[in-house]
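Dear colleague,

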Amino acid sequence: MLPKGTCAELPKGACAGARFIPLPGEERGMSSDQSRLARRQVLKRCGGVSVTLLGVAAGSGTGAAASSISEQHSTAVASSVTQDDGDTENTPADVYDEYIDDVVLVNVFGGLDDEPGVPEGDGPETPAGIGSGFVVDDAVVTNHHVVREAETVELQFRDEQWRTADVVGTDIHSDLAALEVDDLPEETEGITLAEDEPTVGEEVLALGNPLGLDASISQGIVSGVNRSLPSPTGFSIPAAIQTDAPVNPGNSGGPLVDLSGDAVGVVFAGAGQTIGFAISAALANRVVPSLLEDGSYDHPYLGVSVAPVSPIVAEANDLEDARGVMVVGTVSDGPAADVFETAEPGPTVDGVPVPVDGDVIVAIDDTEIPSQERLSSTLALETEPDETITIDVLRDGDEETVELTLEERPSETDF
């Protein structure tokens, strides 16, 4: 979400075509809610095939509620998707029709009193910006940067009725927030956060409110997984999903769904050039329940800074293979202090010193660590504070195992 008036780019078997066939009992007095639930079960069985489609530009959340814009919806791309055996699969139109009622417009108000240089009480309360969100179970999930420090926000569902929601928990490290609203519309049933990592090339849909255009859909594919995103705390947001589905200001906080209707991620931002990002469902599945229960989430903390072991670094350190990450620094009072040997500046290449003689992390609890991104995602998704982990390192040409106990991540990095 961007402040009002600004724009910025951030750095990182039961289906037939687009129509549903009648289900057993659907034409024998089944209620609309029962019928809709049955159709959702069909979608779950029919979704998740992979195709190659291209999208366009990207963005993040938006400023200024676009109150003058109404009833302008993006047109869903309704081309059929087929499996190898020729059976027609779910279309984007199918998914849109079943799940758009679970997507909300999030309207955040902020007073002019909060603006630097404006005397207290000298201005009316005005919209600070809008974003998107979606129902998960009986709560609403969105981005931390959409709600910021607000205690309450306004939600508009597809029925165009406004509801007030309480912000019950936020986490700046994962850029996630959880909201509670007492009177969810009857049409909402919730979107499931996916359990499995999406497949690169898999078709996905971004549902939300780009530029304030409510109940919109855009289409693309999963372009990459396990990306690292910037965070204002200095720590990265790991395990992110990259997509070419167009996401623009106002999409932030909305779901990125597969053709089963499961959310593979929570839209985070776009970087232009058909590149957008979403917080992974894997991370959201860990964070959101804690936000609802405790109002916060404790991230594990290792307390190291690392550098990738490129071929140049491997050669300078007489390593057989370019693998793992080299420890170049530790926090003096952190969990890794006195556990690792840190690198020293070595020979320079094109004026840049090559790190040498530092421990190289190659595995954590038998999970290989080939990169900085894998180190971050492994810590975030497979460990927790106060857990003791075993780390395999290369030290002075030999592989050794060290143990340490993780701590709770501080609010900001000390590096």
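**Helices α4 and α6**

Ala282, Leu283 and Arg286 of helix α4 meet Ala380, Leu381 and Glu382 of helix α6, where contact means heavy atoms within 4.5 Å. Helices (H or I, at least four residues) and strands (E, at least two) are DSSP runs, numbered from the N terminus. The model is a predicted one, in which local features need pLDDT of at least 70 and side-chain atom pairs count only at pLDDT 80 or more, while totals for chains, interfaces and linings use all residues. Residues are numbered from 1 along each chain as its sequence is written, and side-chain values use heavy atoms, with hydrogens and water left out.

Two packed helices are described by the angle between their axes and the distance between the axes. For α4 and α6 (residues 372-382), the angle is about 35 degrees and the axes are 9 Å apart. Axes are lines fitted to C-alpha atoms, for helices over the stretch in contact, and angles run from 0 to 180 degrees between N-to-C directions.

**Along helix α4**

Does the length of α4 agree with or depart from what its residues should span? The 14 residues of α4 (residues 281-294) should span 20 Å at 1.5 Å a residue, and the end C-alpha atoms are 20 Å apart, which agrees. The expected span is 1.5 Å times one less than the number of residues.

At Val287, shortly before the proline Pro289, α4 has a kink of about 25 degrees; the bend is the angle between axes fitted to the seven residues ending there and the seven starting there. The buried residues of α4 include Leu283, Val287 and Leu291. Buried means under 20% relative accessible area, exposed over 50%, and partly exposed in between (1.4 Å probe, protein chains only). After α4 comes Gly295, with a positive phi near 85 degrees.

**The barrel**

Six strands close into a barrel with antiparallel pairing, in the order β9-β10-β11-β14-β13-β12. The twist from one strand to the next averages 45 degrees. Two strands pair if DSSP finds at least two bridges between them; β11 (residues 237-243) and β14 (residues 275-280) are joined by three. Gln242 has Phe277 in β14 as its bridge partner. Helix α4 packs on the sheet and touches β11, β13 (263-272) and β14, whereas α6 packs on the sheet by touching β10 (216-229) and β11.

**Another helix**

Helix α2 (residues 92-99) is mostly covered, with six of its eight residues buried. Among them are Tyr96 and Tyr99.

Yours sincerely
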